[in-house]
Amino acid sequence: MMNSTGASLTELGWRPFFGAQVADTELATLQPVRVMAVHRGEVAVAGENIDAQVSSFMPDSTGEEDRPTVGDWLLIDRESHAPVRLLERASLFKRRAPGDDRRLQLVAANVDTLFIVASCNQDFSVPRLERYLVLAREVNVRPVVVLTKIDLAERLESFIERAGALQPGLQVEPVNAKDPASVARLAACCGPGETVALLGSSGVGKSTLVNTMRGSDEILTQAVREQDGKGRHTTTVRQMHRLDGGGWLMDTPGMREFQLSDAATGLAEVFDDIVALTLECRFTNCSHEREPGCAIQAAIKAGSLTPARLGRWQKLTTEDETNTGTLAERKTRAKLPGKRK
Ligand SMILES: Nc1nc2c(ncn2[C@@H]2O[C@H](COP(=O)(O)OP(=O)(O)OP(=O)(O)O)[C@@H](O)[C@H]2O)c(=O)[nH]1
Ligand SMILES: [Zn+2]
């Protein structure tokens with residue numbers, strides 16, 4: 001039986017990083033499968049000669065991050081299809097649910113490349129791009145800035161320059177999201193077995209881009225009726241889409257609005273100049289406002305740092321600390337005896 005994607009393990013994104021986590025002896029009874037979609041209590045998986053709905057219950061689960069999410073690799077029993085182990089992820093997008101509870105939502109795993117989508121018009125925002133770049137660092141995915149609406153842009157060069165200046169070596173790809181010939185240049189960023197996800201604010205052209213990129217995959221995007229283990233028919237909407245070039249496009253609902261949680265490392269890298277300055281302030285708890293010997297204020301006076309960039313760093317740092325604090329409190333609470341997880 002072929003899986004409906006007809007893809008081999010390598011084509012599904014299997015590589016040495018995952019192979020190294022599996023012992024040869026395990027493969028006699030277990031097989032690796034990739035999660036293509038997540039539903040309540042079940043996941044749709046694809047592997048060599050298999051395309052099935054399996055339970056999302058992981059036997060050795062110890063915490064919130066042990067639940068399978070889209071893009072994950074699982075080892076399942078060859079006979080019963082019961083999940084046995086979740087493989088370590090190369091990358092993981094997660095976010096705090098809005099609201100009081102702020103539950104951890106796993107959005108996507110094993111994404112290789114993040115398309116940060118921005119349009120060449122008045123919506124173009126450097127702080128927003130910077131925020132997405134921080135996230136890409138933190139999550140450990142390669143960022144590519146995709147500039148849309150180039151067919152409408154007045155001064156395209158200035159958008160390309162401003163985006164490119166954000167980070168040394170940053171790849172910037174200007175496209176007309178409606179034009180397949182223009183979008184084709186993105187194929188090089190999502191070759192066979194590579195997984196790409198899109199982020200960007202409303203109206204920049206993400207849906208348009210997805211539709212153009214998917215091209216002939218349209219048939220697979222329709223809801224697939226599948227029979228689950230108990231003989232019931234279930235409707236599956238795939239969240240991983242095969243691209244013509246052999247890559248995978250991850251299109252999950254949670255991917256679009258992202259909070260920075262626990263992004264301290266990414267922040268420090270994107271704003272390394274500011275972090276270096278803070279180490280030179282006379283007081284370790286300097287608020288960088290009026291204190292004597294403040295290296296940040298000195299840099300602003302000298303013109304080597306703009307107040308706007310400082311402001312963005314402060315805003316992101318505050319947001320990051322708030323989210324991280326919430327997480328730490330939750331962890332402590334979860335450890336108390338008699339409390340529900
Ligand atoms: N001319 C032109 N129009 C574009 C381009 N990309 C997107 N559009 C148009 O811009 C509008 C918004 O595009 P969408 O693809 O819906 O944007 P989105 O990012 O998916 O927006 P949300 O669904 O709100 O997140 C639509 O009318 C598109 O046709 C482009 O490259 N050129
Ligand atoms: Zn200071």
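Reader: Why does Cys281 count as partly exposed?

Author: In this predicted model, Cys281 has 19 C-beta neighbours inside 10 Å. A residue is called buried if 20 or more other C-beta atoms lie within 10 Å of its own, and exposed if 12 or fewer do. Because the value for Cys281 is 19, Cys281 falls in between and counts as partly exposed.

Reader: Where in the chain are Cys281 and His288 found?

Author: Cys281 is found in the loop between α9, which covers residues 272-278, and α10, which covers residues 295-302, and His288 has its place in the loop between α9 and α10. The chain has 11 helices and 15 strands.

Reader: How do you know which residues His288 is in contact with?

Author: Two residues are in contact if their C-beta atoms lie within 7 Å. Leaving aside neighbours within four places in sequence, His288 is in contact with Cys281, Cys294, Ile296 and Gln297. With that exclusion, the contacts of Cys281 include Cys286, His288 and Cys294.

Reader: Which residues does UniProt list for "binding site"?

Author: The UniProt record, an unreviewed entry, lists Cys281, Cys286, His288 and Cys294 under that name.

Reader: How much of the chain is buried?

Author: Buried residues make up 34% of the 341 residues in the chain.

Terms used
Residues numbered from 1 in each chain as written. Chains lettered and ligands numbered in written order. Predicted model: local features only at pLDDT ≥ 70, side-chain atom pairs only at ≥ 80, totals over all residues. Helix = DSSP H or I, 4+ residues; strand = E, 2+ residues; numbered from the N terminus. UniProt positions renumbered as here; feature names shortened; annotations may be inferred.
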